[in-house]
Amino acid sequence: MKDYELIEQAWENRDLLKEKKYINAVNDTIALLNRGEIRVCEKHEDEWQVNEWIKKAILMYFPLCGMKKMNAGDLEFADKIATKKDYMEWGVRVVPPAVARYGAFVAPNVILMPSYVNIGAYVDSGTMVDTWATVGSCAQIGKNVHLAGGVGIGGVLEPIGAKPVIIEDDCFIGSRCIVVEGTRVCQGAVLGAGTVITASTKIIDVSGSEPKEYKAYIPKNSVVIPGSITKHFPAGDYNVNCALIIGQRKESTDKKTSLNDALRQIEN
């Protein structure tokens, strides 16, 4: 019987987690996640699909792992899940005190500044997770992405079918941005510092003659900055946060130059 079949059976009947073959199925699944051989969410053509059985395995892994003491030099921790190891063998640069949990995949040529990557996350090659940035559980980070200082990428384990945050290849997520609740940031997009994207945030393309609105979706090569929009409440009209797409990043120009040019166009 395949591991995913055992996972589905144990999900419906947790008493099965007392049996060795079901315990092994969960442990084997987390080991495959840790090595990047499977992932919580995968792209098929232009759609991202959640592998629900893997999320179920993660949720069942927690009760199988007992609390234990862990040490990093003089620092002591108490947790259920170990941290990743063998970064040198993988070719990953890890600056103290960066932490990635076992069950997260961090690809070769990734740089982890002092940061945190949670179980189930996938961080692809050439990406930098900068100082105090966090990559939440099951988040999918593409190749050659820069998560700048203090970026918060949200995690999700439940509900089982919920898509994680997805940051596709070649994106730049500016300092102190927050991206949560299953938002998809498509390839090459740039988020200016302090941009907050949730499932309910209005994302408005103001680069054309008429505004175009999105939610939880940033189109390819978009340049995005924080904004506000007036909303009516019983107590009056107030400004609430939104995100503004102010232009498109040109593939023919340097990424940083393109971002600076787009920001100057709107700010001057």
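Modeller: We shall take helices, sheets, aromatic rings and the backbone in turn.

Modeller: This is a predicted model, in which residues are numbered from 1 along each chain as its sequence is written. Local features need pLDDT of at least 70 and side-chain atom pairs count only at pLDDT 80 or more, whereas totals for chains, interfaces and linings use all residues; side-chain values use heavy atoms, with hydrogens and water left out.

Colleague: At roughly what angle do the axes of helix α1 and helix α2 cross?

Modeller: Two packed helices are described by the angle between their axes and the distance between the axes. Here helix α1 (residues 3-12) and helix α2 (residues 20-35) have axes that come within 9 Å and cross at roughly 115°. Helices are DSSP runs of H or I with at least four residues, strands are runs of E with at least two, and both are numbered from the N terminus. The axes are lines fitted to C-alpha atoms, for helices over the stretch in contact, with angles from 0 to 180 degrees between N-to-C directions.

Colleague: Which residues of α1 and α2 make the contact?

Modeller: From α1 the contributors are Asp3, Leu6, Ile7, Gln9 and Ala10. From α2 they are Lys21, Tyr22, Ala25, Val26, Asp28 and Thr29, where contact means heavy atoms within 4.5 Å.

Colleague: In what order do the strands of the open sheet with β6 and β21 stand?

Modeller: Six strands form this open sheet, in the order β6-β9-β12-β15-β18-β21, with parallel pairing. Its edge strands are β6 and β21 (196-197), each of which pairs on one side only. Two strands pair if DSSP finds at least two bridges between them. Within this sheet, β15 and strand β18 (residues 178-179) pair in the parallel sense over 2 bridges, and glycine 152 stands opposite isoleucine 178 in β18.

Colleague: In which sense do strand β22 and strand β23 pair, parallel or antiparallel?

Modeller: Strand β22 (residues 202-205) and strand β23 (residues 212-215) pair in the antiparallel sense, over 4 bridges. They form a hairpin with 6 residues between them, and lysine 202 stands opposite lysine 215 in β23.

Colleague: How many aromatic pairs does a search of the whole structure find?

Modeller: The search finds 5 aromatic pairs. Among them is the tilted pair of phenylalanine 105 and tyrosine 122, at 4.8 Å centre to centre with 40° between the planes. The pair links distant parts of the chain: phenylalanine 105 is in strand β7 (residues 105-106) and tyrosine 122 in strand β10 (residues 122-123), 17 residues apart. Rings of Phe, Tyr and Trp (its six-membered ring) pair if their centres lie within 6.5 Å; planes under 30 degrees apart count as stacked, over 60 as edge-to-face and the rest as tilted.

Colleague: Does phenylalanine 105 count as buried or exposed?

Modeller: Phenylalanine 105 counts as buried because its relative accessibility is 6%, and tyrosine 122 counts as buried at 10%. The cut-offs for relative accessible area are under 20% for buried, over 50% for exposed and partly exposed in between (1.4 Å probe, protein chains only). Trp90, Phe105 and Tyr122 form one aromatic cluster.

Colleague: Which residue lies over the face of tyrosine 122?

Modeller: Arginine 39 does, at 3.6 Å from the ring centre. Likewise, arginine 14 lies over the face of tryptophan 11, at 4.1 Å from the ring centre. A charge sits over a ring if NZ of Lys or CZ of Arg is within 6 Å of the ring centre and within 35 degrees of the ring normal.

Colleague: Which residues does a cis peptide bond with omega of about 0° join?

Modeller: Most residues other than glycine have a negative phi, and most peptide bonds are trans. A cis bond joins proline 96 and proline 97, with omega about 0°; proline 97 is in the loop between β5 (93-94) and β6 (99-100). The bond from glutamate 158 to proline 159 is also cis, with omega near -5°, and proline 159 is in the loop between β15 (152-153) and β16 (166-167).

Colleague: What is the phi of cysteine 138?

Modeller: Cysteine 138 has a positive phi of about 75° although it is not a glycine. Cysteine 138 lies in the loop between β12 (134-135) and β13 (140-141) and is buried, with a relative accessible area of 0%. Asparagine 221 also has a positive phi, near 65°; this residue lies in the loop between β24 (217-218) and β25 (222-233) and is buried at 10%.
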